[in-house]
Amino acid sequence: MSAVQPSPVVQCQQYVTAEAAGSHVQRVGYSVPCETIYYGDVQQQKELLGEELYYYVYQWYPERAGKLTGMLLELDIETLVLMLKDWMFLRDMVEKALKALNDHYAQQKNKTKTDEN
């Protein structure tokens, strides 16, 4: 598993380190300006957080990054911020979203087969 690099935006002061993939430690942080997260309106907050989430999700699943990010943005602001602070939590939530998406596609495929018969 490759290391996730912070996006090339001005870094917010807060970083959380998490041990991942065995012996090496990965630094994960969010680069959205802290004051924007807490003082912007909800739409602006989600837009900024979505841009940051997309950056990370794209590194793991580039072909589904837009859909997965959209699914994650259905969560509350506090959870989104927590995901950007904690790499393992972010990865877990992305994997859950991917499983839900794959399950949905499988159901649609089965429904289409049933409708054809």
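1. Two residues are in contact when they have heavy atoms within 4.5 Å of each other. This is a predicted model, in which local features need pLDDT of at least 70 and side-chain atom pairs count only at pLDDT 80 or more, while totals for chains, interfaces and linings use all residues. Residues are numbered from 1 along each chain as its sequence is written, and side-chain values use heavy atoms, with hydrogens and water left out.

2. The chain has five helices and two strands, where helices (H or I, at least four residues) and strands (E, at least two) are DSSP runs numbered from the N terminus. Along the sequence, they follow the pattern β-β-α-α-α-α-α.

3. Of the 117 residues, 36% count as buried, that is, under 20% relative accessible area with a 1.4 Å probe, protein chains only. A nonpolar core is a set of buried Ala, Val, Leu, Ile, Met, Phe, Trp, Tyr and Cys residues joined through side-chain atoms within 4.5 Å.

4. The largest nonpolar core has 21 residues, of which Leu53, Trp60, Leu68, Leu72, Met83, Leu90 and Val94 touch the most other members. Two or more residues come from each of helices H2 (42–60), H3 (65–72), H4 (77–85) and H5 (87–116), and H5 gives the most, with seven residues.

5. Leaving aside residues up to four places away in sequence, Met83 touches Leu53, Leu72, Leu75, Phe89, Leu90 and Met93. Met83 is also one of the buried residues of H4, together with Ile77, Thr79, Leu80, Val81 and Leu84.

Note on methods
Buried means under 20% relative accessible area, exposed over 50%, partly exposed in between (1.4 Å probe, protein chains only).
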